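Keep the model in view while reading.

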Amino acid sequence: MARKYFGTDGIRGLVGETPITPDFVMKLGWATGKVLAQQGRTKILIGKDTRISGYMFESALEAGLVAAGVDVGMLGPMPTPAIAYLTRTLSAQAGIVISASHNPYYDNGIKFFSATGTKFTDEQELAIEDMLDQPMDCVDSAKLGKVTRIDDAGGRYIEYCKSTVPMGFSLAGMKIVVDCANGATYQVATSVFAELGADVITIGDKPDGLNINEGCGSTEPELLRQTVIDKGADCGIGLDGDGDRVLFVDKKGSLIDGDQLIYIIAKGQVAAGESIGGVVGTLMTNLAYEAAIKALGVGFARANVGDRYVVAEMKQRGWRLGGEASGHIICRDVTTTGDGIVAALQVLRSCKLLDESLDEICAGVEKYPQTMINVRTTNKDKYGDSTEISTAITACEQRMLGKGRVLLRASGTEPVIRVMVEGEDGSLVAKEAEEMAALVAKALA
């Protein structure tokens with residue numbers, strides 16, 4: 001069924017424009033509370049990142065949930081994966097995150113976690129959308145929800161992150177730059193790495209409500225890259241605004257993306273004799289890293305773009321490692337969702353296990369060139385019905401002699417078709433991408 005408000009990762013948009021308005025978010029809180037309260041007395045946690053509108057939406061959600069008779073635990077600024085962890089360890093029925101992840105401050109969004117720390121299912125989201133169509137009411141005063149503030153949330157999460165690596169694991173002797181993107185990890189990330197022994201240089205840890213993801217973090221890693229070089233650090237860790245993504249910079253200043261990080265983690269686990277079953281990537285995972293992972297003797301499968309679909313595929317196959325090039329990495333043996341800090345620790349553990357630096361581990365695996373072009377169209381959902389487009393895709397892949405592929409994907413949040421061409425020959429890839437984008441634009445005009 002088509003969803004009216006929910007996209008690939010909750011509800012997201014420009015602050016002040018429907019649905020990211022105080023009145024809608026209050027009713028969203030109420031609708032969520034009504035759906036979950038059908039199971040009995042309910043407690044829901046609310047956390048947020050550092051963008052200025054978080055205060056407003058935090059209050060709106062609180063009001064809606066309380067009106068539905070739901071108890072609320074307030075976490076304040078906390079990474080998205082921390083809220084997933086705390087939801088399950090504090091026996092809450094759900095966790096709500098106020099965040100637009102890697103987007104600028106003027107966007108915001110609402111994301112949901114279940115009692116087990118996983119993203120809401122499609123069925124749960126549809127039930128909430130159905131409830132949003134009902135008139136909002138309020139329970140009797142005696143049945144209103146109660147609100148408490150959870151003051152030790154940060155400390156709990158720090159200890160959890162440290163527990164995801166083996167006892168005795170140490171980062172002593174390593175100099176690491178950590179970029180918190182002026183976001184939700186600014187209070188916790190430094191402590192995790194420092195308490196494990198690293199010499200930590202922290203940047204992007206001065207949020208003012210407006211500077212989240214601005215010129216810093218995993219989406220704009222130039223500051224991280226330059227700081228690693230200037231400080232002579234062993235590596236740099238770039239988190240995004242809500243802490244569920246991570247990218248690295250090696251000691252030479254080269255960017256290490258999510259595909260490469262997943263390969264590094266897998267290679268370390270294989271070297272340690274650990275059985276990971278296989279790795280789940282997405283439709284966007286680079287072909288070179290699919291081949292490299294298979295060369296380790298590890299299975300590989302692709303899921304739709306979005307960490308919820310990666311997790312679902314991992315569960316179905318019983319595999320414990322997966323993620324996306326963007327830096328959403330799920331280590332399912334220790335966590336339930338994408339967690340930038342936890343994934344970073346697994347990468348650093350692999351470096352220790354292999355006794356190699358990031359660049360040494362990745363040496364010899366060259367990414368296939370990819371060209372991505374966004375085609376704006378009001379008919380994005382009709383591209384699969386076009387025989388002209390499907391014929392062009394087949395012809396393009398034939399011209400690349402089986403050493404490339406074409407992927408078309410409708411954006412979950414924008415009126416856009418993403419046209420991606422990937423292959424061994426970079427100049428051919430760029431040419432084919434331009435021609436494919438032009439054809440798609442014409443076919444869907």
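A cavity, on a 1 Å grid over the protein atoms alone, is a set of points where a 1.4 Å probe fits but cannot get out; a pocket is an open set with protein on both sides within 12 Å along at least five of seven lines, and lining residues have an atom within 4 Å of a point. This is a predicted model: local features need pLDDT of at least 70, side-chain atom pairs count only at pLDDT 80 or more, and totals for chains, interfaces and linings use all residues. Residues are numbered from 1 along each chain as its sequence is written, and side-chain values use heavy atoms, with hydrogens and water left out.

Grid points are joined across faces, edges and corners, and a volume is the space filled by probe spheres set on the points. The table gives the volumes.

| Space | Volume |
|---|---|
| Largest pocket | about 1200 Å³ |
| Largest cavity | about 60 Å³ |

The largest pocket is lined by 41 residues; His102, Arg245, Ser326, Arg409 and Arg418 are the closest to its centre. Strand E1 (11-14) and E16 are the elements that give two or more residues to this lining. E1 supplies the largest share, three residues. Helices (H or I, at least four residues) and strands (E, at least two) are DSSP runs, numbered from the N terminus.

Which residues line the largest cavity? They are Thr8, Asp9, Gly10, Lys111, Phe112, Lys119, Phe120, Glu125, Asp307 and Arg308. E5 and helix H10 (307-317) each supply at least two residues of this lining.

**Strand E5**

Is E5 mostly covered or uncovered? Eight of its eight residues are buried. Buried means under 20% relative accessible area, exposed over 50%, and partly exposed in between (1.4 Å probe, protein chains only). In a regular strand the side chains alternate between the two faces of the sheet. Both faces of E5 are covered. Asp107, Gly109, Lys111 and Phe113 are buried on one side, and Asn108, Ile110, Phe112 and Ser114 on the other.

Two strands pair if DSSP finds at least two bridges between them. E1 and E5 pair over four bridges in the antiparallel sense, and Leu14 stands opposite Asp107 in E5. Strand E4 (residues 94-98) pairs with E5 over five bridges, also antiparallel. There, Ile98 has Ile110 of E5 as its bridge partner.

Ser114 belongs to strand E5 (residues 107-114). Its relative accessible area is 10%, so Ser114 is buried. Beyond residues up to four places away in sequence, Ser114 touches Thr87, Gln93, Ala94 and Phe120; contact means heavy atoms within 4.5 Å. The side chains of Ser114 and Thr116 are joined by a polar contact of 2.9 Å. A polar contact is a pair of N or O atoms within 3.5 Å; within protein, one must be able to donate a hydrogen and the other to accept it, and residues adjacent in sequence count only if both atoms are side-chain atoms.

E16 pairs with strand E18 (residues 416-423) over seven antiparallel bridges. Gln370 stands opposite Glu422 in E18.

Another open sheet has four strands, ordered E13-E12-E14-E15, with mixed pairing. Its edges are strand E13 (299-303) and strand E15 (329-331); each has a single partner strand, so one side of each is left without a neighbour in the sheet. Strand E14 (residues 321-323) and E15 run antiparallel, joined by three bridges. Gly322 has Ile330 in E15 as its bridge partner. Helix H9 (residues 287-295) lies across strand E12 (278-282) and E13, at about 150° to E13. Axes are lines fitted to C-alpha atoms, for helices over the stretch in contact, and angles run from 0 to 180 degrees between N-to-C directions.

**Helix H5**

Helix H5 (residues 153-163) has buried residues Ala153, Gly154, Tyr157, Ile158, Tyr160, Cys161 and Lys162. These pack against strand E3 (71-77), helix H3 (80-89), helix H6 (189-195) and helix H11 (340-354). Ser163, also in H5, counts as exposed at 51% relative accessibility. A polar atom of the Ser163 side chain lies 2.6 Å from the backbone oxygen of Tyr160.
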